[in-house]
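Open the model in your viewer and keep the sequence panel beside it. We will go from stop to stop, selecting as we go.

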Amino acid sequence: MSDPKFEITREGPNSLRIAIAGRVDAALMEVALQQMSTEMEGMAHGDVLIIDEGAEWPTVGAIGVELRHWPQMMAMLHQLDRAALVSHNAFFRNAAAIESALIPGYEIRNFNDEASAREWLNTAPATA
């Protein structure tokens, strides 16, 4: 098990990079959502690169924090058009595919490596 990490970096005017490792608990999720909100200020039709560095299923407390902040999370999601997930975890990859299918105007693709994910984010046109 790796140390918990939820690191958010703004890489451009409309681009985020998120690295996740370990098991995210309620306290880390609270900090991560606040940082994400701050980093996403002014973004429109953005994209996000999500790197799984050994992420595990979050704690029940972390899921509770997400539910408590549901309206804020949905508002942030509307600022994004697409996401690239780099993960070898079949569960996370399947969840991303389902989420992509269920959320209109939001596309998530799975990748095996960061270079391929970045190439797609840099070449694929954003959906309006």
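Select D47. D47 is buried, at a relative accessible area of 10% (buried means under 20%, exposed over 50%, partly exposed in between, with a 1.4 Å probe and protein chains only). This is a predicted model, in which local features need pLDDT of at least 70 and side-chain atom pairs pLDDT 80 or more, while totals for chains, interfaces and linings use all residues. Residues are numbered from 1 along each chain as its sequence is written, and side-chain values use heavy atoms, without hydrogens and water.

D47 belongs to strand β3, residues 46-55 (helices, H or I of at least four residues, and strands, E of at least two, are DSSP runs numbered from the N terminus). Now show its neighbours. Leaving out residues up to four places away in sequence, D47 touches N14, S15, L16, L80, R82 and L121 (contact: heavy atoms within 4.5 Å).

Next, select residues 5-12 and 15-22. These are β1 and β2, paired in the antiparallel sense over seven bridges (pairing takes at least two DSSP bridges). A hairpin of two residues joins β1 to β2. Find I8: opposite it, in β2, stands I18.

Move to helix α3, residues 70-77. Which residues of α3 are buried? They are M73, M76 and L77. Look down the axis of α3: its buried residues fall within an arc of 100°, so they line one face of the helix (the arc is taken from the directions from the helix axis to the C-beta atoms). These residues pack against α1 (26-39), α2 (60-68) and β4 (80-86).

Now select S87, in the loop between β4 and α4. S87 is buried, with a relative accessible area of 2%. Its side chain reaches the backbone nitrogen of N89 at 3.0 Å.

Last, select W57 and F91. They form an edge-to-face aromatic pair, 5.2 Å centre to centre with 75° between the planes (Phe, Tyr and Trp rings, the six-membered one for Trp, pair with centres within 6.5 Å; planes under 30 degrees apart are stacked, over 60 edge-to-face, the rest tilted). W57 lies in the loop between β3 and α2 and F91 in α4, so the pair ties together parts 34 residues apart in sequence.

Terms used: Polar contact = N/O pair within 3.5 Å; in protein donor to acceptor, adjacent residues only side chain to side chain.
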